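Please keep the sequence and the model in view while reading.

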Amino acid sequence: MIMRVIFAGTPTPAVPSLRALLDSPNHDVVGVLSRPDSVSGRGKKVTRSPIALLADEHGIEVFTPRRLTDNGVNEVLDRWAPDVVAVVAYGALVPRELLDLPTHGWINLHFSLLPAWRGAAPVQAAIAAGDTSTGASTFRIEEGLDTGPVYGHVTETIKDTDTSGDLLDRLAQTGAQLLVQTLEGIASQRLSAIPQAVEGVSLAPKITVEQARIRWDLPAHIVDRRIRAYTPAPGSWTELDDARVKIGPVTPAPDEAAIAPGTLRVTKKAVFVGTSTDPVRLSWVGPPGKKQMAAADWARGARLSDGQVLV
């Protein structure tokens, strides 16, 4: 039996899951829900979401309501007549009256090992917390925030150099296969959801731009984790002479002599910044209005010198 699937997703990490369902002989993607097209720039350029673009390529109808409570949403979903709605980083809440519309409900692929890191930023939270492993989970959506019963999970090691972008790329691939296997298990009645444990719950709310500001007064290993966690989004930053500067991943440098927190040490080939413990070596920097560049090139171009301070 072929399962009729609505896919609900928006950003790039959801693309592998939609591709996997399109490639699956057991699933028929009958429609796609995605967030509305964005408008940006002086020319008011309209940009489709990555999921909407993929659906367009395959001739699949895309519906982009601002909210799932908007007029007409029920009618569209009824017309698509889904057996299940597969959700990956859709970005909107599902109202109670829609949860029971598909036969098998709304099945979400979440990038953590639930009940750990419920919320919008599980990958960033895992790296910032210093977790050594994480994963992805499939669960049935209910009214609570990521509280529904779990069908399955995959695990993934967090490398010492992983940014959230690196880790999310891997989880998007392994999670896509988990999602397909979960839907197959539900359709064949071989798979049942298990309630989440009461213990081990942690929350991962969306990271604000202000939270991504680097605190150089923290230990080097914390500075390292947080910058990797917030790379590429929302992006770590600091200020030099009242100008905002984007900062890429850093490397703790325990062999370097201590520097006061936020203070620069500039050499011909490297730029170091002090923390409350060891200095860290900068990799790349994004000066205001410019593309990212190697930290040493930035220092030469900006004529930086020892003792200048990032805040």
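Residues 24 or more positions apart account for 65% of the contacts in the chain that have a separation of 6 or more, a contact meaning heavy atoms within 4.5 Å. The model is a predicted one, in which local features need pLDDT of at least 70 and side-chain atom pairs count only at pLDDT 80 or more, while totals for chains, interfaces and linings use all residues. Residues are numbered from 1 along each chain as its sequence is written, and side-chain values use heavy atoms, with hydrogens and water left out.

Of the 311 residues of the chain, 48% count as buried, where buried means under 20% relative accessible area, exposed over 50% and partly exposed in between, with a 1.4 Å probe and protein chains only. The C-alpha trace spans about 65 × 50 × 30 Å along its principal axes. The chain holds eight helices and 17 strands; these are DSSP runs numbered from the N terminus, helices being H or I with at least four residues and strands being E with at least two.

Strands count as paired if DSSP finds at least two bridges between them. β6 runs parallel to β1, to which five bridges join it, and G9 has V88 of β6 as its bridge partner. With β7 the strand β6 is again parallel, over three bridges, and here A86 stands opposite I107.

Helix α1 (residues 15-23) has as its buried residues V15, P16, S17, L18, A20 and L21. These buried residues pack against β1, β2, α2, β6, β7 and α6.

**The C-terminal sheet**

According to an unreviewed UniProt entry, the annotation "domain: Formyl transferase C-terminal" covers residues 206-302; such annotations may be inferred rather than shown by experiment. Over residues 206-302 the chain is 19% helix and 27% strand, with the end C-alpha atoms 34 Å apart.

An open sheet of four strands is ordered β10-β11-β16-β17 and pairs in the antiparallel sense. β10 (237-240) and β17 (293-294) stand at the edges with a single partner strand each, so one side of each is left without a neighbour in the sheet. Strands of a sheet pair through backbone hydrogen bonds, either parallel or antiparallel. The hairpin of β10 and β11 has two residues between the strands, and D241 takes a positive phi near 55° in this hairpin.

| Strand pair | Bridges | Residue pair |
|---|---|---|
| β10 and β11 | four | T238 and V245 |
| β11 and β16 | two | I247 and V285 |

**The largest pocket**

Rolling a probe the size of a water molecule over the atoms shows where empty space is left. The largest pocket has a volume of about 1,300 Å³. Of the 37 residues that line this pocket, A89, G91, G119, A120 and A121 are the closest to its centre. β7 (106-110), α5 (122-128) and α6 (164-187) each supply at least two residues of the lining, and the largest share, four residues, comes from β7. A pocket here is an open set of points on a 1 Å grid over the protein atoms alone where a 1.4 Å probe fits, with protein on both sides within 12 Å along at least five of seven lines, and lining residues have an atom within 4 Å of a point. Grid points are joined across faces, edges and corners, and the volume is the space filled by probe spheres set on the points.

**Two single residues**

S49 lies in the loop between β4 (45-47) and α2 (50-57), and S49 counts as buried because its relative accessibility is 7%. Its side chain makes a polar contact of 2.6 Å with the side chain of S34; a polar contact is a pair of N or O atoms within 3.5 Å, where within protein one must be able to donate a hydrogen and the other to accept it, and residues adjacent in sequence count only if both atoms are side-chain atoms. Leaving aside residues up to four places away in sequence, S49 touches T10, S34 and D37.

G165 is placed in helix α6 and, at 18% relative accessibility, also counts as buried. With residues up to four places away in sequence not counted, G165 touches T231 and P232. From C-alpha to C-alpha, G165 and I60 are 28 Å apart in space, and 105 residues separate them in sequence.
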